[in-house]
There are 2 protein chains.
Amino acid sequence: MTVQPFSFQLLNRQGRARAGIFHTPHGDLPTPVFAPVGTQASVKAITPAQLIELDANLILSNTYHLYLRPGDELIAELGGLHEFMHWQRPILTDSGGFQVFSLAEKRSIDPDGVTFRSHIDGSINRLTPEKATQIQEHLGADIIMAFDECAPPYDRSQIEQAMEHTHSWAERCLQSKSRNDQALFGIVQGGIFPDLRENSARFISDLNFPGNAIGGLSVGETKAEMQTVLEIMDDVLPQEKPRYLMGVGTPEDLINGVLRGVDIFDCVLPTRLARHNAAMTWQGGRLNLVNSSFAKDPLPIDGDCQCYTCQHFSRAYLRHLIMAKEMLAATLLSIHNLHALIQLVRDIRQAIVDQTLDAFLLKYSQLIDTKNGDFTKDLID
Amino acid sequence: MTVQPFSFQLLNRQGRARAGIFHTPHGDLPTPVFAPVGTQASVKAITPAQLIELDANLILSNTYHLYLRPGDELIAELGGLHEFMHWQRPILTDSGGFQVFSLAEKRSIDPDGVTFRSHIDGSINRLTPEKATQIQEHLGADIIMAFDECAPPYDRSQIEQAMEHTHSWAERCLQSKSRNDQALFGIVQGGIFPDLRENSARFISDLNFPGNAIGGLSVGETKAEMQTVLEIMDDVLPQEKPRYLMGVGTPEDLINGVLRGVDIFDCVLPTRLARHNAAMTWQGGRLNLVNSSFAKDPLPIDGDCQCYTCQHFSRAYLRHLIMAKEMLAATLLSIHNLHALIQLVRDIRQAIVDQTLDAFLLKYSQLIDTKNGDFTKDLID
């Protein structure tokens, strides 16, 4: 009943990789998909019109931040997050759990929820599964997340307790949910421990969410550990529902994830790198545009890139904007970096549809970190 | 010979106000026109695509700043300012004179030029009429300015000496100019003294520049003094050439100037106000969007405004962006404020074409500061 407006359609597969469409009340989401992050209801330095031009299909916003400022009730009064930030395509909100554990001060966790001090004004706040769900219903995103606890990846006893909380809270989120135009996703935890991950994936799968998320990765574990966990996820989580790998990531991680059956990704990386003057390229790695070698460089960031920035501006101009502390630098670099990741995921999706992942991996071979073993071979051969 | 690619065509007049077209190598400039300022080869927080959407027809960039960083020779190597900043419509560069007197440290003026310390790195630099012209030829703007000296408006003896320098330098700029695809404008000085202004306007007019600029206003004088000077300018400067009022201004100053025969304006006001969280409106004056009264305000900045910001975003959202220190605030407010001034000047131009300035002034009556006397009446009745 509650998942009526959502359905997931698999179009094609190659190895574990999947190309599909997730139908939502704000339109169809082609998967795999990379979601730019608009933490505070704004993808930093970018207008919604520029995001449309980039053909971003999904953006992520942040329950913890919006609850503290400007407040979820205010956003509800103003018509919800889509209206508030003028974004009519699908939105995903995380549950706030990750930020409570990474940003808030003086947090105290109990089986019922978490009490913490706001990082903005020091006020005491409390999030429970019910409260996190209510906030996300006020915000009105298409995809909302169960409240979870993310513990450091190697501490088994802490991971076990966090997983217990996460499982109990997942049930309570399901029970407290009242809107049927939002898809609530469950979150799998379990650190780097295969048995815990399998246990968690089974538990969350059994709750029959319309989609499942993989939390607690990209938090300090090795690439090989992440790959192992993702393969367990692909074996256990239902094939017919979308999988979301939270907070990931680098171009390599995206490929890594898609090759292991992940459908949805989000990460602050492209816009954060942009604000630190770094441009993503596939042939030359990351360019630090502060470098004086770019002072007279007439070339675009990437000669093969079709983004607005690469079509019109030289590295020399971008470096000038950075040296002159012009805000336009962050905007133009964000446009490029977002385009790079969105296009990468668009390309891999097309390769899955066309059954040409081998050619895709050859084209992007520079991206693949063979130091950790070429993780791609066994998956599509 | 040197002005061949430029011609100025008057379409209609009402009172002293003029509607025309200034033909340039980068396209036709409908006048009156308001030029957004891109001091360092970037209109702050705005992409060229957004400026085109605003239908900005002319932008101003800054000789002093670009000479110091990234260097005019670098910009020339990269194809000139149009190519460097990706702006294919007309560009105007000022001569650097004003900034030498307002920004540079330890300046020393002599009849040949000015020696000063860079405000960026403390290096010693020297600008002369020949050097300022050479820099502007490297930059390659369509309209370039003679090197002038701008003195405080009330000090007669200092004004007299600055005017002498300005006149001698204007002749030297004309002589040193070598490109014929740039229109060099002369600059009238003379502070608030009618006899000096008349003297300066006659001297500059006699040099037969393709256009004339009015410098040294909006630097501390009263509105009435500015109006008096502008009326002298209209009487003395040739009618068949465009007039440019430098660094002006407020909405009231624009109307004031157009009603006294000015064709071109530039000012940092709209983008600077935007970065200080202020939005220009005609009915309600300036809105300071930090004000808590806007926290839940679902209205746009201006319900009558057709700009991207007003069409899609509430005051509450803009205030949220400001409180959350999101860069998007400056972008969206800059779009609105630039639209407001560009539209104001577009409207007054249309009114001159249609001979309906009376109706225009009635519509914008809120803008007119009657404390200083209703300066409009005698001009168009």
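User: In which loop of chain A does A:Pro32 lie?

Analyst: A:Pro32 lies in the loop between β3 (27-31) and β4 (33-35) of chain A. Helices (H or I, at least four residues) and strands (E, at least two) are DSSP runs, numbered from the N terminus. The model is a predicted one, in which local features need pLDDT of at least 70, side-chain atom pairs count only at pLDDT 80 or more, and totals for chains, interfaces and linings use all residues. Residues are numbered from 1 along each chain as its sequence is written, chains are lettered from A and ligands numbered from 1 in the order in which they are written, and side-chain values use heavy atoms, with hydrogens and water left out.

User: What confidence does the predictor assign?

Analyst: Chain A averages a pLDDT of 94, and 95% of the residues score at least 70; pLDDT is the predictor's confidence in each residue, from 0 to 100. For the complex, the predictor gives an ipTM of 0.96 and a pTM of 0.96.

User: Why is the pair A:Lys296 and B:Glu77 called a salt bridge?

Analyst: A salt bridge requires a side-chain nitrogen of Lys or Arg within 4 Å of a carboxyl oxygen of Asp or Glu. The closest N and O atoms of A:Lys296 and B:Glu77 are 3.8 Å apart, so the pair meets the rule. Between chain A and chain B the count is four salt bridges, and over all chains it comes to 40.

User: What do B:Arg16 and B:Asp235 tie together?

Analyst: B:Arg16 and B:Asp235 form a salt bridge with closest N and O atoms 3.1 Å apart. B:Arg16 is in the loop between β1 (7-14) and β2 (17-24) of chain B and B:Asp235 in helix α9 (residues 223-236) of that chain, so the pair ties together parts that are 219 residues apart in sequence.

User: How many residues make the contact between the chains, and how much area is buried?

Analyst: Chain A and chain B each give 39 residues to the contact, where contact means heavy atoms within 4.5 Å. About 3200 Å² is buried, with 62% from carbon and sulfur atoms; buried area is the accessible area (1.4 Å probe) that two parts lose on being put together, summed over both. On the side of chain A, A:His320, A:Glu326 and A:Met327 lose the most area to chain B, together 18% of what that side buries.

User: How do you know how the two copies are related, and through which surface they meet?

Analyst: Superposition is by least squares on the C-alpha atoms of residues with pLDDT of at least 70 in both copies. Chain A is laid on chain B with an RMSD of 0.0 Å by a turn of 180 degrees and a shift of 0.0 Å along the axis. The two copies are therefore related as by a two-fold rotation axis. Because 100% of the interface residues of chain A are also interface residues in chain B, the copies meet through the same surface.
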